[in-house]
Amino acid sequence: MDQADSVSVAELLDERRHLLEVTYWMLGNSSEAESVVGETYRRWYGLSEVERGEISTPRHWLAKTAGGICLGLLAHPRRGATGQRDQREEHHTTTGDAEEVQASLAKEVSRVLLNALDSLSPAERAAFVLNDVFGMTSGTVADIVGRPESECVGLADRARHSIRMQRSHSTPPDEHDLLARTVREACVNEDAELLESLLCPDATAFFDGGGKVRALSRPVHGSRQVAHSLLVLLARHPRTTLTTHSVNGRTGLIVRYDHQVAAVISLDIAEHHVAQVWVVLNPDKLRSWNRPPT
């Protein structure tokens, strides 16, 4: 048996599910995601046994290959994963796997977010999805996208800015400040009902761990789910504090653990409620917050 393919059934299914999720997020279409995953495995088995044996992390190779196929599709959306024109119906799936993945993701992913992703360039969409949705490091994203790491960081930042601008509305500073302070109060008092009432019904929370901390790997969607995830993250602890602070020019929240900034939370507001929550947990991005005063 080829040792490169000698893995457990659980690992194989988890790997396939991961690829379907990545490709669905990048393309927003279940049948295209299924096609890309099929083409990815076709290319894997197109390698010789020696070539496959030299790949130390097959899952990374598969994700990189699938990401490259997705980038090609995003650049030429009328063509299928193999390069042929795709004639399939929008919601048709060749197996139950992609349909199951889509049904699961539909509970977590805001339609507003998917529509916003459509406005991004292929590279921006890939950088944002791989980094913010799946928590991959910027180095891994760079490897998949095929661009320098610094450029991928910039692509993801531009994608975040574009998505935020599409969802957030202009809110007077005093209203934003009041809502942020009320969110803090609800979190400090562990008041789930109050916190949920401050969120849009289709609110989305993003957790950026940068692959450096064990943050949630996918966005959380829905007011109740977002409220729960925030309360779990900000659970009371004698060495943890939560304060308001200016973040990107607007009032946000700062989480400190032993006086070190452990998380920075910014809020996007639409129609007097929090529409998006952005939680930065990546230690690399928090360095500037933890520099000693000069």
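The sheet comes up on screen now: six strands, open, in the order E2-E1-E6-E5-E4-E3, with mixed pairing. This is a predicted model, where local features need pLDDT of at least 70, side-chain atom pairs count only at pLDDT 80 or more, and totals for chains, interfaces and linings use all residues. Residues are numbered from 1 along each chain as its sequence is written, and side-chain values use heavy atoms, with hydrogens and water left out.

On terms, strands (E, at least two residues) and helices (H or I, at least four) are DSSP runs numbered from the N terminus. Two strands pair if DSSP finds at least two bridges between them. Strands of a sheet pair through backbone hydrogen bonds, either parallel or antiparallel.

At the edges of this sheet sit strand E2 (220-221) and strand E3 (240-247), each pairing on one side only. Further in, strand E5 (residues 260-270) and strand E6 (residues 273-280) are antiparallel, with seven bridges. Asp268 stands opposite Gln276 in E6. E5 and E6 form a hairpin with two residues between them, and in the turn Glu271 has a positive phi of about 55°. E1 and E6 run parallel and are joined by six bridges; Asp208 has Val280 in E6 as its bridge partner.

Is E6 mostly covered or mostly open? Mostly covered: six of its eight residues are buried, where buried means under 20% relative accessible area, exposed over 50%, and partly exposed in between, with a 1.4 Å probe and protein chains only.

Contact here means heavy atoms within 4.5 Å. Axes are lines fitted to C-alpha atoms, for helices over the stretch in contact, and angles run from 0 to 180 degrees between N-to-C directions. Helix H12 (residues 223-233) also packs on the sheet, touching strand E1 (199-208), E2 and E6, and its direction makes about 40° with that of E1.

Now a helix pair. The axes of helix H4 (residues 58-75) and helix H8 (residues 138-145) come within 8 Å and cross at roughly 55°. H4 and H8 are therefore oblique to each other; angles under 35 degrees count as roughly parallel, over 145 as roughly antiparallel, 65 to 115 as roughly perpendicular, and the rest as oblique. From H4, the residues in contact are His60, Ala63, Lys64, Gly67 and Leu71, and from H8 they are Thr140, Asp143, Ile144 and Val145.

Last, salt bridges: a side-chain nitrogen of Lys or Arg within 4 Å of a carboxyl oxygen of Asp or Glu. The structure has eleven. One of them joins Arg16 and Glu34 at 2.7 Å, N to O. Arg16 lies in helix H1 (residues 9-27) and Glu34 in helix H2 (residues 30-46), so the pair ties together parts 18 residues apart in sequence. Arg16 counts as buried at 18% relative accessibility, and Glu34 counts as buried at 7%.

Another salt bridge links Glu151 and Arg147 at 2.8 Å, N to O. Glu151 is partly exposed at 34%, as is Arg147 at 36%. Asp284 and Arg287 meet at 3.1 Å, N to O; Asp284 is partly exposed at 34%, while Arg287 is exposed at 56%.
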